[in-house]
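The following explanation is intended to be read alongside the sequence and the coordinates.

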Protein chains: 2
Amino acid sequence: MIGRTHYCGDIQEALIGEKVRLKGWAQTRRDLGQVVFIDLRDRSGIVQIVATPEQSKEALNAAERVRNEYVLDVEGIVVQRDEETYNEKIPTGKVEVRVDELSIMNASKPLPFQIEADTNVSEDVRLRYRYLDLRRPDMQETFKLRHQATKFIRRFLDDHDFFDMETPMLTKSTPEGARDYLVPSRVHPGEFYALPQSPQLFKQLLMVSGFERYYQIVRCFRDEDLRADRQPEFTQVDIETAFLDTEDLFSMMETMMAGLVKETRGVDIETPFPRMTYYEAMNRYGSDKPETRFGMELVELTEILKDSDFKVFKNAAASGGIIKGLNVKGVANKMSRKEIDDLAEFVAAYGAKGLAWLKVEENELKGPVAKFLSEEETASLREALGAEAEDLLFFGADTHQVVWDSLGALRLKFGKELDMIDRSKFNFLWVTEFPLMEYNKDEDRYVAMHHPFTRPVEGDAHLLETKPEDIRAEAYDLVLNGYEIGGGSQRIYEKELQERMFTALGFNKEEAKEQFDFLMEAFDYGAPPHGGIAFGLDRIVMILAGRNNLRDTIAFPKTASATDPLTQAPGKVSSRQLEELHLKLDVVEEEDEDD
Amino acid sequence: MIGRTHYCGDIQEALIGEKVRLKGWAQTRRDLGQVVFIDLRDRSGIVQIVATPEQSKEALNAAERVRNEYVLDVEGIVVQRDEETYNEKIPTGKVEVRVDELSIMNASKPLPFQIEADTNVSEDVRLRYRYLDLRRPDMQETFKLRHQATKFIRRFLDDHDFFDMETPMLTKSTPEGARDYLVPSRVHPGEFYALPQSPQLFKQLLMVSGFERYYQIVRCFRDEDLRADRQPEFTQVDIETAFLDTEDLFSMMETMMAGLVKETRGVDIETPFPRMTYYEAMNRYGSDKPETRFGMELVELTEILKDSDFKVFKNAAASGGIIKGLNVKGVANKMSRKEIDDLAEFVAAYGAKGLAWLKVEENELKGPVAKFLSEEETASLREALGAEAEDLLFFGADTHQVVWDSLGALRLKFGKELDMIDRSKFNFLWVTEFPLMEYNKDEDRYVAMHHPFTRPVEGDAHLLETKPEDIRAEAYDLVLNGYEIGGGSQRIYEKELQERMFTALGFNKEEAKEQFDFLMEAFDYGAPPHGGIAFGLDRIVMILAGRNNLRDTIAFPKTASATDPLTQAPGKVSSRQLEELHLKLDVVEEEDEDD
């Protein structure tokens with residue numbers, strides 16, 4: 001076949017008079033009798049081609065047979081359009097191509113939906129015909145951006161002495177963390193590989209091997225019930241370094257992320273990024289991934305209200321909890337009593353037993369709680385909350401966690417609904433000093449917040465045997481616009497400390513030995529100080545592309561039930577396959593037939 | 001921690017007089033009483049550091065406690081060495097670092113083997129302590145080369161308008177090709193995902209989506225019995241293009257591969273690469289991946305010997321087979337009768353029922369077959385084989401396949417043993433026009449040589465229903481130094497042709513529909529002409545690094561029984577995990593205990 005000379009999007013005035021050869025799809029066709037206009041589309045954009053009897057009768061005949069999405073091979077001359085027909089919306093809008101030759105390389109049936117940016121087609125249909133959905137210009141843009149982002153990150157890390165190294169996908173199941181996807185072994189009856197939730201142990205071993213700076217853009221897997229922003233397989237930018245402390249790593253990652261935003265969105269980002277401890281983030285925003293593109297922070301009211309006649313406040317304070325307030329400005333008279341009451345249900349999802357509120361009027365506070373507050377309390381809380389007429393005040397009084405979670409969610413809900421978020425901004429934030437572990441009631445033991453290889457903050461390790469819940473971890477998340485886009489830590493590299501950590505986490509000695517023996521053994525042979533971070537690439541692309549759905553950033557994503565509507569995966573397999581894998585199904589068959 | 005100022009390998013004469021801070025491993029330590037020498041190693045190389053009482057007593061004390069592979073943090077002054085102590089073997093050999101401060105960041109037990117290039121440690125032990133094995137300088141070099149190769153390929157493809165795009169790992173099992181690794185679904189009882197053997201269908205769909213140029217460096221999986229040059233998971237440079245024909249693709253790939261060799265090995269490679277049809281490769285080299293760094297080609301003798309009194313020759317020719325010869329020059333009197341006879345066993349593995357041979361003397365041929373040959377036959381075959389005194393001639397007479405395979409293997413064996421291969425060369429070769437399908441006796445049907453989506457050569461498709469074995473495929477392999485490093489094809493993009501292909505392959509209509517329905521449907525909506533190629537990255541790195549073992553190019557490889565001696569994967573899983581996956585083991589338990 002004769003090759004194209006240009007992409008469609010490149011056909012502009014500089015080429016007027018030249019012969020060009022193009023290949024692409026017929027976006028639209030208008031047949032005006034003796035002249036046919038076709039918008040020809042390829043990856044680069046669209047150009048108008050025109051078939052006329054003067055130019056070529058044969059080409060005109062062929063053009064008359066063209067329908068939408070036919071694949072065309074076109075040769076013609078670039079000419080200036082009449083000025084009144086300029087199309088200012090596209091870069092090729094001042095020219096058109098008069099066709100000498102046109103051949104149809106492939107035909108197309110009428111499409112289930114049109115190839116255009118705004119489609120109101122259901123996501124089911126889009127996924128079922130993903131190959132068509134991906135033709136839509138916004139999807140093409142998203143995957144171009146994803147490519148640019150991947151490329152930028154790779155080049156940055158390559159240029160900063162990192163080695164791109166691969167780690168196994170068929171690895172071993174470990175009991176900590178999320179549920180593993182398992183892969184039965186044919187050669188070893190009754191045994192299974194696990195797909196990696198992250199290359200954590202392997203990247204630590206690469207540090208023990210002395211590679212010093214490792215990265216990998218790598219697929220990871222979690223067999224968890226899915227939410228809108230989770231996928232069973234996801235892509236991680238996985239980074240590990242030896243001999244670098246948290247400050248070194250932060251500074252390098254800030255340069256990378258600021259560069260990424262500049263490269264893909266043209267926005268300048270200031271460095272260093274702001275930082276906040278976990279405790280500060282929870283207290284001010286009720287979230288460990290604060291959306292800082294608007295204010296409306298939670299306000300500490302425990303001191304002011306701890307002796308209140310309102311029992312909910314008093315009891316919360318007395319039992320070691322907190323009282324916090326949220327001032328939603330100017331909405332007091334815009335919300336009905338019903339709307340306000342419904343919010344109690346909203347915060348109930350976060351464990352709150354109710355939602356106290358007050359409307360601010362010029363000289364008084366109104367609402368069910370008002371009568372319990374003394375004049376002094378009223379004055380103090382007005383001041384603390386900066387309350388003015390028309391403001392609507394909400395209160396949380398419970399354990400720290402419940403107050404943080406419920407008011408944090410309420411803040412975000414109002415922030416979005418009242419359109420308080422400046423969507424042009426990219427707000428990065430480091431959240432630091434996470435608790436090393438938290439007590440898990442169900443398992444009656446401490447579990448690692450990050451993972452069991454995370455290092456305590458210098459000087460906190462002595463609490464491992466006495467107050468493990470007070471230990472701060474040398475762990476950090478990077479937050480962008482209210483999304484956690486990455487997280488990491490400095491790692492334990494001393495065998496003895498790692499053993500104490502396992503003990504504090506209630507690991508059975510045998511269990512820990514079997515699972516992590518190779519890591520412990522590696523620590524015997526000169527393990528360097530090391531630490532790293534992993535970023536969620538899908539989510540970063542989602543934010544950069546200004547999209548709301550993680551699935552729009554993945555070429556062939558899974559649905560919420562972990563299926564692929566296109567290939568119909570997962571599917572049944574043959575009995576021979578099961579036999580070879582030494583497996584029997586433990587399924588109640590509803591029908592005998594295969595489907 | 002205070003950061004390093006330099007890498008060890010950078011400490012050279014230009015830095016004399018400067019204070020430097022280094023971090024790394026003690027490669028060796030020599031304690032001469034009041035002075036301790038340590039070779040400090042990091043990723044970049046080695047530099048000698050010296051602790052003396054004049055410089056710092058404290059540092060000297062610390063240095064005395066250092067043992068091999070301790071992790072050190074060192075500050076000192078770069079000084080010139082005495083000229084007689086220059087070490088010309090390393091770039092830092094003219095200087096040393098006089099230590100002011102030395103702290104031990106981590107200790108090391110004595111190692112199971114030394115960290116040096118030449119180790120005679122068994123591979124089992126190397127894999128068991130892979131994190132130490134990877135510290136050895138040759139392994140560090142190999143993974144540095146792997147990184148450089150990956151980086152070069154990515155940048156080349158990025159710069160040639162390719163989009164780096166990801167495809168699913170949890171996909172659907174298809175009956176064609178090798179055995180799939182399966183992943184049981186928790187959400188869909190009795191159903192399984194399959195890990196991809198290649199992203200074949202997805203990359204074709206991306207072409208239907210109009211991305212036009214796709215690449216991905218991607219893990220692929222095959223659950224086959226392993227040989228030395230196979231791994232259950234391997235890495236593929238996966239490339240697909242629309243609107244490019246084979247010539248366009250060859251030319252681009254040649255530029256890339258020549259650039260890769262130049263970048264990593266500094267060797268200039270001529271383009272275009274030589275080409276050979278499958279048939280020519282088999283006839284001249286007895287292999288579809290010919291090692292062309294030496295000659296000693298197979299010689300066609302059927303015409304000369306078809307009427308021979310030697311029945312083996314006569315019968316082979318009469319039944320449609322061939323007779324070929326191989327002239328191993330100058331070895332006739334260097335090989336014992338026993339050694340020659342043993343070769344019959346060697347070729348038996350390729351189906352040959354025996355191995356006829358002749359020794360060339362000045363005026364006659366000697367050997368068991370000599371007496372059957374007429375004077376004219378003797379003269380003709382001497383001429384055809386260019387036989388001279390001392391040459392040893394071997395003959396194959398059987399079906400094409402048996403003669404090709406057995407003499408091809410024999411040629412390679414002698415080429416290696418007689419050291420005929422110029423190891424400094426990088427010989428690329430395209431092998432083209434593979435048969436589209438071959439008849440499989442076991443299955444009593446035709447099977448695709450490449451895969452069922454491969455396009456027939458222009459003009460051959462009419463044979464699909466009549467002589468499918470005569471159809472040449474628009475398929476090609478790239479061979480480097482006798483290894484197949486890549487393969488690809490132009491694809492079928494017309495629904496009707498794809499249906500005829502499935503029929504020719506004896507696919508049950510229902511089966512084909514269920515498995516490939518989405519691809520067939522995609523062909524309904526304007527599929528462009530497309531084709532591509534996939535390279536085996538592990539193998540390319542192996543060749544570039546001059547290694548013989550694929551496992552040396554993979555950081556954490558599997559053994560021949562698909563286990564990882566380091567993590568002990570695969571392993572047993574809990575009964576809870578099996579229950580969640582709706583599976584029961586179908587294993588005869590030999591013991592009750594877990595191991």
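**Backbone, packing and annotated sites**

Pro272(B) is situated in the loop that runs between helix H6 (246-265) and strand E11 (275-277) of chain B; helices (H or I, at least four residues) and strands (E, at least two) are DSSP runs, numbered from the N terminus. The model is a predicted one, in which local features need pLDDT of at least 70 and side-chain atom pairs count only at pLDDT 80 or more, while totals for chains, interfaces and linings use all residues; side-chain values use heavy atoms, with hydrogens and water left out. Residues are numbered from 1 along each chain as its sequence is written, and chains are lettered from A and ligands numbered from 1 in the order in which they are written.

The peptide bond from Thr271(B) to Pro272(B) is cis, with omega near -10°. In chain A, a cis peptide bond links Ala569(A) to Pro570(A), with omega about -5°. Pro570(A) belongs to the loop between H15 and helix H16 (575-580) of chain A.

Most residues other than glycine have a negative phi, and most peptide bonds are trans. Phe243(B), however, has a positive phi near 65°. It occupies the loop between strand E10 (233-242) and H6 of chain B, and its 1% relative accessibility makes it buried (under 20% relative accessible area, with exposed over 50% and partly exposed in between, for a 1.4 Å probe and protein chains only). Glu390(A) likewise has a positive phi, near 85°. Its loop connects helix H11 (375-385) and strand E16 (392-398) of chain A, and Glu390(A) counts as partly exposed because its relative accessibility is 37%.

Helix packing may be considered next. In chain A, helix H7 (residues 278-285) and helix H12 (residues 400-417) pack at an angle of about 55°, their axes 8 Å apart; axes are lines fitted to C-alpha atoms, for helices over the stretch in contact, and angles run from 0 to 180 degrees between N-to-C directions. H7(A) and H12(A) are therefore oblique to each other, since angles under 35 degrees count as roughly parallel, over 145 as roughly antiparallel, 65 to 115 as roughly perpendicular and the rest as oblique. The buried residues of H7(A) are Tyr278(A), Ala281(A), Met282(A), Asn283(A) and Tyr285(A). Their packing partners include H12 and strand E13 (322-328) of chain A, where contact means heavy atoms within 4.5 Å. Just after H7(A), Gly286(A) adopts a positive phi of about 65°.

In chain B, the axes of helix H4 (residues 137-159) and helix H15 (residues 537-544) come within 10 Å and cross at roughly 120°. H4(B) and H15(B) are therefore oblique to each other. Among the residues of H4(B) that meet H15(B) are Leu145(B) and Arg146(B), and among those on the H15(B) side are Asp538(B) and Val541(B).

Which residues of chain A carry an annotation? The UniProt record (unreviewed entry) assigns "binding site" to residues including Arg222(A), Glu484(A) and Asp538(A); such annotations may be inferred rather than shown by experiment, and their positions are given in the numbering used here, with feature names shortened. Asp538(A) lies in helix H15 (residues 537-544) of chain A and counts as buried because its relative accessibility is 4%. Arg146(A) and Phe234(A) are among the residues that Asp538(A) touches, not counting residues up to four places away in sequence. Arg222(A) is found in the loop between strand E9 (213-221) and strand E10 (233-242) of chain A, and at 31% relative accessibility Arg222(A) counts as partly exposed.
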